[in-house]
Amino acid sequence: KIVIQVINPNTSQAMTETIGRAARAVAAAGTEIVAVSPTQGVPSIEGHFDEAIAAVGVLEQIKRGREQGVSGHVIACFGDPGLLAARELASAPVVGIAEAAMHMATLVATRFSIVTTLPRTLVIARHLLQQYGFERHCAALHAIDLPVLALEDGSGLAQEKVRARCLQAKREDGSGAIVLGCGGMATLAKALTQELGIPVIDGVGAAVKMIESLVALGLSTSKHGDLDYPFAKPLSEAFSHLN
Ligand SMILES: O=C(O)C[C@H]1NC(=O)NC1=O
């Protein structure tokens with residue numbers, strides 16, 4: 001039995017539920033999904049400041065998951081906040097939804113576009129493209145210019161803007177695939193792929209399948225070198241529970 005901990009790094013329960021649904025929709029029969037989010041932190045992650053705060057909550061959840069013996073962890077925010085720190089702390093595999101979606105896109109298209117929420121978070125996606133080596137695979141990045149939590153306000157406006165932006169990207173970018181740049185967009189990928197006739201990729205599902213593959217291959221986070229466990233040291237009171 002595989003248990004995958006899917007972490008929504010923001011503290012919005014509605015988005016954690018959306019992310020959990022997307023993960024369960026693709027999980028294999030023998031895979032249990034445990035969707036969690038930090039008890040403290042930011043309600044949405046819309047910049048570098050938010051990411052820094054969210055990363056501590058991610059690490060708390062990673063530690064808890066490791067103690068529970070989960071088979072793997074997904075960081076379900078498009079900035080992949082705390083990814084390498086999480087890999088130091090974890091023994092099981094850790095996959096971020098941005099890297100997962102980008103990897104999958106390169107397997108089905110020579111170039112992909114990214115559709116995310118706020119213009120100011122485009123730079124975070126650009127940094128990840130550089131870090132992961134996918135810059136030359138990404139033809140364009142777009143933002144619907146709505147806050148992250150607009151995806152959970154029930155109006156459907158954000159979802160409609162995502163659809164329109166994906167259609168425009170298909171027409172204009174010369175990309176063969178589109179990556180959805182937010183955990184809160186995860187449940188939109190299947191319908192958009194069918195309606196638009198282009199692979200629209202959700203990183204939550206991609207990451208879940210990558211964890212299943214890593215587990216099946218007996219691969220886990222390497223503890224040889226720079227992803228070894230953190231050095232034990234006296235952490236200040238506020239962080240002592242992370243030891
Ligand atoms: O960067 C974004 O626009 C999306 C990112 N923020 C968030 O709270 N969850 C996410 O996936």
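A polar contact is taken here as a pair of N or O atoms within 3.5 Å. In this predicted model, a polar side-chain atom of threonine 116 lies 3.3 Å from an oxygen atom of the ligand, a distance that falls within that cut-off. Threonine 117 also places a polar side-chain atom by a ligand oxygen, here at 2.4 Å. The backbone contributes through glycine 183, where a polar atom is 2.8 Å from an oxygen atom of the ligand. Taken alone, the ligand exposes 300 Å², of which the protein buries 96%.

The ligand sits in the largest cavity. The residues around the ligand are Asn10, Ser44, Ile45, Cys77, Phe78, Thr116, Thr117, Thr121, Val148, Gly181, Cys182 and Gly183. Sorted by class, this shell comprises five nonpolar and seven polar residues, with no charged residues.

Charged side chains were examined in the structure as a whole. Side chains of opposite charge can pair when their charged atoms come close. The structure holds six salt bridges. In one of them, the side chains of glutamate 32 and lysine 1 meet with an N to O distance of 3.8 Å. Glutamate 32 belongs to strand 2 (residues 31-36), whereas lysine 1 lies in the segment before strand 1 (2-7), so the pair ties together parts that are 31 residues apart in sequence.

Definitions and conventions: Residues numbered from 1 in each chain as written. Predicted model: local features only at pLDDT ≥ 70, side-chain atom pairs only at ≥ 80, totals over all residues. Heavy atoms only, no water. Near = heavy atom within 4 Å. Polar contact = N/O pair within 3.5 Å; in protein donor to acceptor, adjacent residues only side chain to side chain. Areas by Shrake-Rupley, 256 points an atom, 1.4 Å probe, with all protein chains shown as cover. 1 Å grid on protein atoms, 1.4 Å probe; cavity = no way out; pocket = protein on both sides within 12 Å on 5 of 7 lines; lining within 4 Å. Sits in = over half its atoms within 2 Å of the grid points. Nonpolar A, V, L, I, M, F, W, Y, C, P; charged D, E, K, R; others polar. Salt bridge = Lys/Arg side-chain N within 4 Å of Asp/Glu carboxyl O. Helix = DSSP H or I, 4+ residues; strand = E, 2+ residues; numbered from the N terminus.
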